[in-house]
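Dear colleague,

Please find below the structure that I am handing over to you. My notes on it follow directly after.

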Amino acid sequence: MSNEKVYRLVEYKLHEYKNMAFYIENLNRQIEIEEATINTGLSGVSYDSPRLSKSYNISSSIENEIIKKEGRIERLKLTKRKIEVDMINIENSLRVLDQREMQLFELYYNSRKHINIDGVAMEMFLDRATVYNIKKLMIQKITNQLYPEFTYKELPLFENLDNL
């Protein structure tokens, strides 16, 4: 994965963090619905009418439908688990942030108001350049926690951060 993709992925995950609990709840409901409907709506074959043709199909359409639903349930559970792991990883990485970085995270990434960087700068009583520097440091710390194989020196956006 390229450095720019890692940076964008971390930013995307931070922006989506506020919605992850809702995604998990929705997936739980979808799983419940799929599990509840696995046995409903499926009916057996009636043998009252004469057979028109021979079938060499070993599995019935009901079995195929159940297999499809079970596969869908497993995919939903896997998606839910991936979101849960992402949420836990982000929560763990937030522990390394200092007070200003945490304030930036709450205002810029975790707020439902969609505040831009200028609005965050006004809220924090800082200038825009300082907020961008705090943001870069914050992304660096979180990237090191989420993807330890990428150090901030490898990422092009963090070349001049050693001076801060």
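Which side chains meet in a salt bridge at 3.2 Å, N to O, with Glu 4 as one partner? The partner of Glu 4 is Arg 8. A salt bridge here is a side-chain nitrogen of Lys or Arg within 4 Å of a carboxyl oxygen of Asp or Glu.

Before going further, please note that this is a predicted model, in which local features need pLDDT of at least 70 and side-chain atom pairs count only at pLDDT 80 or more, while totals for chains, interfaces and linings use all residues. Residues are numbered from 1 along each chain as its sequence is written, and side-chain values use heavy atoms, with hydrogens and water left out.

Overall architecture

The protein chain contains five helices and zero strands, and its pattern along the sequence reads α-α-α-α-α. Helices (H or I, at least four residues) and strands (E, at least two) are DSSP runs, numbered from the N terminus. Of the 164 residues in the protein chain, 33% are buried. Buried means under 20% relative accessible area, exposed means over 50%, and partly exposed lies in between (1.4 Å probe, protein chains only). The protein chain exposes about 11,300 Å², and carbon and sulfur atoms supply 52% of that area; accessible areas come from the Shrake-Rupley method with a 1.4 Å probe, and for residues only the protein chains shown count as cover. Among contacts in the protein chain with a separation of 6 or more, 71% are between residues 24 or more positions apart, a contact being heavy atoms within 4.5 Å.

Salt bridges

Side chains of opposite charge can pair when their charged atoms come close. The search of the whole structure finds nine salt bridges, and three of them are described here, including the pair named above.

Glu 4 and Arg 8 both belong to helix H1 (residues 3-36), four residues apart, which is about one turn of the helix. Glu 4 is partly exposed because its relative accessibility is 32%, whereas Arg 8, at 56%, counts as exposed.

A second pair joins Asp 86 to Lys 13, with the closest N and O atoms 3.2 Å apart. This pair links distant parts of the chain, since Asp 86 is in helix H2 (residues 61-94) and Lys 13 is in helix H1, 73 residues apart. Asp 86 has a relative accessible area of 23% and is therefore partly exposed; Lys 13, at 15%, counts as buried.

Glu 25 counts as partly exposed at 40% relative accessibility, and Arg 29 counts as partly exposed at 45%.

Backbone angles in two loops

Most residues other than glycine have a negative phi. Where does His 114 lie? His 114 lies in the loop between helix H3 (99-109) and helix H4 (117-124). The phi of His 114 is positive, near 60°, and His 114 is exposed because its relative accessible area is 68%.

Phe 125 also has a positive phi, near 55°. Phe 125 sits in the loop between H4 and helix H5 (128-146), and its relative accessible area of 75% makes Phe 125 exposed.

With kind regards
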